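Please look over the sequence and the model shown here before reading the report. The notes after it are meant for a reader who has not seen this structure before.

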Amino acid sequence: MIDGNKVLFSGMQATGTLTLGNYLGALKNWVTLSDEYQCFYSVVDLHSITVRQDPAELRKRARNLLTLYIAAGLDPEKNCIYYQSQVSGHAELSWILNCFTYMGELNRMTQYKDKAAKHADNINAGLFTYPVLMAADILLYQSDVVPVGKDQLQHLEITRDIAQRFNAIYGDVFTIPEPYIGKAGAKIMSLQDPSKKMSKSDENANASIYLMDDPDTIIRKFKRAVTDSEACVRYREEQPGICNLIDIYCACTGKTPEEVEKEFDGKGYGDFKLAVGEAVVDVLKPVQERFADLCKDKAYIDGIIKTNAEKANYYATKTLRKVQKKVGFPERIR
């Protein structure tokens with residue numbers, strides 16, 4: 001706990017461009033969590049280099065992502081918004097935790113298998129030990145809760161296993177994190193394949209709405225969204241494409257699926273797709289405008305980066321020194 005509040009940790013990779021799914025499914029909800037938790041929101045750029053990155057592009061995307069956190073409504077004075085790479089404790093704790101993690105546990109990680117299949121020419125050790133770095137991210141700040149989707153639940157489980165194993169040997173060192181259970185963020189699916197999540201790495205540009213897409217592009221992508229031949233706006237399993245569009249419309253307008261069905265009763269898909277596109281444009285417009293303003297104020301963003309890196313390092317160092325002492329490393333002479 002920090003100042004009487006439980007600690008929450010989350011982060012996003014500085015690769016690709018954030019999508020509407022990232023915003024409605026996670027980022028928008030993060031804004032409400034700072035009232036209840038002491039939040040650490042990281043730009044997890046250490047994780048990003050398991051796949052080869054263009055250095056200049058990675059730096060640009062990392063800064064854009066940090067700026068987008070703020071543009072989306074995260075208060076940098078209330079939340080600790082920082083670059084993972086600027087807190088050396090992440091890497092230092094990760095090495096120690098590697099020594100308390102079993103090969104069999106890492107072999108069971110489904111994301112490793114998925115990523116190894118996608119990047120067969122670069123199956124590096126970082127891909128394999130990725131869950132240990134993620135455990136270090138979480139445990140470094142004595143996090144009480146971590147918002148996770150189904151695809152990340154396995155990583156939280158191994159984090160808990162590692163922390164419990166360490167605590168069993170050395171005493172009460174790490175807080176055992178719990179998955180964040182609250183109001184679920186909207187699960188936004190691909191506009192071209194509603195059986196899979198909207199992804200910032202999708203090769204089909206029409207499958208995803210990116211946060212910086214202009215209004216014309218957003219409307220055009222929704223007009224091309226996959227639906228079906230039933231030509232009625234109904235929230236049914238047999239209509240996954242329409243269900244996805246209804247979910248997006250509900251997330252943007254606050255309406256329920258039942259209200260959406262009534263609103264578009266007797267209307268065709270063309271009218272509905274246009275309405276969804278316009279609702280998304282309205283939701284993203286203030287974020288885009290705020291982002292543009294923030295990008296012009298280099299000194300302000302630089303100040304946030306410096307201040308929050310110092311704050312993150314302060315709390316990270318407290319945990320790291322405790323761990324180093326427990327495993328037998330010599331004390332640092334100041």
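## Basis of the report

This is a predicted model, in which local features need pLDDT of at least 70, side-chain atom pairs count only at pLDDT 80 or more, and totals for chains, interfaces and linings use all residues. Residues are numbered from 1 along each chain as its sequence is written, and side-chain values use heavy atoms, with hydrogens and water left out.

Helices (H or I, at least four residues) and strands (E, at least two) are DSSP runs, numbered from the N terminus.

## Helix H13

Helix H13 covers residues 298-327, which is 30 residues. At 1.5 Å a residue it should span 44 Å, and its end C-alpha atoms are 42 Å apart, which agrees. The expected span is 1.5 Å times one less than the number of residues. After H13 comes glycine 328, with a positive phi near 105°.

Several residues of H13 are buried, among them Ile301, Ile304, Ile305, Asn308, Tyr315 and Gln324. Buried means under 20% relative accessible area, exposed over 50%, and partly exposed in between (1.4 Å probe, protein chains only).

Two packed helices are described by the angle between their axes and the distance between the axes. Axes are lines fitted to C-alpha atoms, for helices over the stretch in contact, and angles run from 0 to 180 degrees between N-to-C directions.

The axes of helix H3 (residues 55-71) and H13 come within 11 Å and cross at roughly 90°. H3 and H13 are therefore roughly perpendicular, a term for angles of 65 to 115 degrees. On the H3 side the contact (heavy atoms within 4.5 Å) involves Arg63, Leu66, Thr67 and Ile70. On the H13 side are Lys298, Ile301, Asp302, Ile304 and Ile305. These residues divide into 5 nonpolar, 1 polar and 3 charged. Here Ala, Val, Leu, Ile, Met, Phe, Trp, Tyr, Cys and Pro count as nonpolar, Asp, Glu, Lys and Arg as charged, and the others, Gly among them, as polar.

## Helices H7 and H8

Helix H7 (residues 125-139) and helix H8 (residues 153-170) have axes that come within 9 Å and cross at roughly 70°. That makes H7 roughly perpendicular to H8. H7 contributes Tyr130, Pro131, Met134, Ala135, Ile138 and Leu139 to the contact, and H8 contributes His155, Leu156, Ile158, Thr159, Ile162 and Ala163. The division is 10 nonpolar, 2 polar and no charged.

Histidine 155 lies in H8 and counts as buried at 2% relative accessibility. Not counting residues up to four places away in sequence, histidine 155 touches Met109, Gln111, Tyr130, Pro131 and Met134.

## Phenylalanine 291

Phenylalanine 291 belongs to helix H12 (residues 269-296). It is buried, with a relative accessible area of 11%. Leaving aside neighbours within four places in sequence, phenylalanine 291 is in contact with Asn64, Thr67, Leu68, Ala71 and Met212.

## Positive phi in two loops

Glutamine 142 has a phi near 50°, a positive value in a residue other than glycine. Glutamine 142 sits in the loop between H7 and strand E4 (145-146) and counts as buried at 17% relative accessibility.

Alanine 231 has a positive phi near 55°. Alanine 231 is placed in the loop between helix H9 (215-223) and helix H10 (240-253). At 49% relative accessibility, alanine 231 counts as partly exposed.

Key: Parallel < 35°, antiparallel > 145°, perpendicular 65-115°, else oblique.
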